[in-house]
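Trainee: Could we go through this one together, slowly, before I write my notes?
Mentor: Of course, have a look at it and then ask whatever comes to mind.

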Amino acid sequence: MITLGHYLVVSGMLFALGLAGVIARRNILIVYMCLEMMLSAANLALVGFSRFHLVNGLPDYTAQSLVFFTITVAAAEVAVGLAIIVALFRTKQSVDVESVTKLQG
Amino acid sequence: MPPLLFYLLALITLGFGFMVVTGRNPVSCALSLAACFVGLASLFLSLDAYFIGVIQILVYAGAVMVLFLFIIMLLDIKAEEGKKLSLAPIISGVLIAVLLVLQIITVVSRADIAKKSSANTPLALTEAAGKMGRAALPTITNDLKEGTLPDAKLIGFTLFDQYGFHLQVVGLLLLVGTIGVVVLSKRERSSAP
């Protein structure tokens, strides 16, 4: 029997994987991919709650609208973030996060 | 949904997610992430969220991953073979991730809402047809009476009925994002001869 709890645990594990990647990796592109993974994990929890919170016998479509907005914002965020990474690569010739220390005192 | 299928899809999602975090080559990381998103989209489909599942494949596995691969090939990034790993960030990352998962499992195992399954909260499609209120459009109620879930129509109704303003704000956000990308990627013309 697959319950909401199973989906929530999978979502939490995917989020934790992304978090570990963001902390441990030094390639800025892979850090960014892990961020995308964390966003999707949050979407999975939202869709799970939407399916198991019935409104008049149908899934709660407010939650799925929120997922729709999240996906749209994530797409815009990827475009801007990758443009920033390209601009960073032009000045530093590197995608290592430790090469960017200008704001360090 | 058969439990075996759920475990298979969860294994695909988490396995490819693990390969994104541990992979050394950025291209293989990006391809693993695409596979991870496809697994996640099939989990959405298993939750009766067909529209969100299709959007997940189109936007994430399609557009976003192509953008990532395009940038990886544009920048010509080599795999980080020679560099030695620094141990402190890896240990702290794994530790925080394990703590977070344990915390979530503890909370989920004690919450009553987590015991809901598709067996004890089934969708009542034909009964819902009579209780649609403002959403009682003929196309939606006919689908419900036939016993199919008009997923995209219901999301569309929710978006345009309740969140029309938010939809326009998101459209403005996409416009601002487009302008931002053009400004950021414009090469500054050097004034020196």
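**Two chains and how they meet**

Trainee: How many residues of chain A are in contact with chain B?
Mentor: There are 61 residues of chain A in contact with 74 residues of chain B, where a contact means that the C-beta atoms of two residues, placed from the backbone, lie within 7 Å. Please keep in mind that this is a predicted model, in which local features need pLDDT of at least 70 and side-chain atom pairs count only at pLDDT 80 or more, while totals for chains, interfaces and linings use all residues. Residues are numbered from 1 along each chain as its sequence is written, and chains are lettered from A and ligands numbered from 1 in the order in which they are written.

Trainee: At what angle do α2(A) and α2(B) pack?
Mentor: α2(A) and helix α2 (residues 26–46) of chain B pack at an angle of about 5°, with their axes 11 Å apart; the axes are lines fitted to C-alpha atoms, for helices over the stretch in contact, and angles run from 0 to 180 degrees between N-to-C directions. That angle makes α2(A) roughly parallel to α2(B), since angles under 35 degrees count as roughly parallel, over 145 as roughly antiparallel, 65 to 115 as roughly perpendicular and the rest as oblique. Among the residues that make this contact are M33(A) and L44(A) from α2(A), and L33(B) and F37(B) from α2(B). By class, the contact of α2(A) with α2(B) has 15 nonpolar, one polar and no charged residues.

Trainee: Switching topic, how spread out is chain A?
Mentor: Chain A has three helices and zero strands. Its radius of gyration, taken over C-alpha atoms, is 18 Å, well over the 13 Å that the globule rule gives for 105 residues, so chain A is more spread out than a compact globule. That rule is 2.2 Å times the number of residues to the power 0.38.

Trainee: What about chain B, then?
Mentor: Chain B has eight helices and zero strands, and its radius of gyration is 23 Å, whereas a compact globule of 193 residues would have one near 16 Å. Its C-alpha trace spans about 70 × 50 × 25 Å along the principal axes.

Trainee: Where does D143(B) sit, and is D143(B) buried or partly exposed?
Mentor: D143(B) is in helix α6 (residues 138–146) of chain B, and D143(B) counts as partly exposed because there are 18 C-beta neighbours inside 10 Å. A residue is buried if 20 or more other C-beta atoms lie within 10 Å of its own, exposed if 12 or fewer, and partly exposed in between, with C-beta atoms placed from the backbone. Leaving aside residues up to four places away in sequence, D143(B) touches T148(B) and P150(B).

Methods
Helix = DSSP H or I, 4+ residues; strand = E, 2+ residues; numbered from the N terminus. Nonpolar A, V, L, I, M, F, W, Y, C, P; charged D, E, K, R; others polar.
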